[in-house]
Amino acid sequence: MKKDGEMLLDTSTWIGVYMPLFVLFFIIWPQQQEAKRLILQKIKRRKGVGIMTNEIIKKYMGKYCKITTGSMGTAVAGKIRDVNENWIEVETKKGNELVNADFVQSIKIV
């Protein structure tokens with residue numbers, strides 16, 4: 001549309017021009033920043049914690065415990081049989097299971 005020699009943008013043109021910018025600056029970029037922040041936190045937690053975690057877990061070898069991993073609340077219940085590097089071998093009713101010590105959130109001794 002033209003008005004007094006000026007070219008005005010209609011609604012569809014405004015949406016076509018500004019919608020990608022909106023999506024980029026308010027949706028995609030903040031998500032990438034959050035992902036970078038979470039990765040850095042995970043790296044910081046792993047530094048120096050691996051040895052300490054294994055030492056603490058070795059103290060409870062042979063005892064019945066409940067190991068919780070992951071954000072979904074996955075749990076393994078049984079006796080801790082062995083701890084090697086970052087793996088925990090747990091003897092459960094169904095057999096032996098291996099749990100990655102990097103993802104252990106809590107250990108409850110029962």
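These are my notebook entries on the salt bridges in this structure.

**Entry 1: the search.** I am working from a predicted model. I searched the whole structure for salt bridges and found two.

**Entry 2: the pair in the helix.** I looked up Arg37 and Glu34 first. Their side chains meet in a salt bridge, at 2.4 Å from N to O. Where do Arg37 and Glu34 lie? Both are in helix H1, which covers residues 11-46. They sit three residues apart, about one turn of the helix. I then checked accessibility. Arg37 has 38% relative accessibility, so I noted Arg37 as partly exposed. Glu34 has a relative accessible area of 36% and is partly exposed.

**Entry 3: the pair between strands.** Next I turned to Glu91 and Arg81. Their side chains form a salt bridge, with 3.1 Å from N to O. This pair links distant parts of the chain. Glu91 is in strand E5 (residues 87-92), and Arg81 is in strand E4 (residues 74-84). Ten residues separate them. Glu91 counts as partly exposed because its relative accessibility is 36%, between the limits of 20% and 50%. Arg81, at 42% relative accessibility, is also partly exposed.

Entry 4: Which strand pairs with E5 over six bridges? I found strand E6, residues 95-100, and the pairing is antiparallel. E5 and E6 form a hairpin, with two residues between them. I also looked up the bridge partner of Glu91 in E6, and that is Asn96.

Conventions. Residues are numbered from 1 along each chain as its sequence is written. This is a predicted model: local features need pLDDT of at least 70, side-chain atom pairs count only at pLDDT 80 or more; totals for chains, interfaces and linings use all residues. Side-chain values use heavy atoms; hydrogens and water are left out. A salt bridge is a side-chain nitrogen of Lys or Arg within 4 Å of a carboxyl oxygen of Asp or Glu. Helices (H or I, at least four residues) and strands (E, at least two) are DSSP runs, numbered from the N terminus. Buried means under 20% relative accessible area, exposed over 50%, partly exposed in between (1.4 Å probe, protein chains only). Two strands pair if DSSP finds at least two bridges between them.
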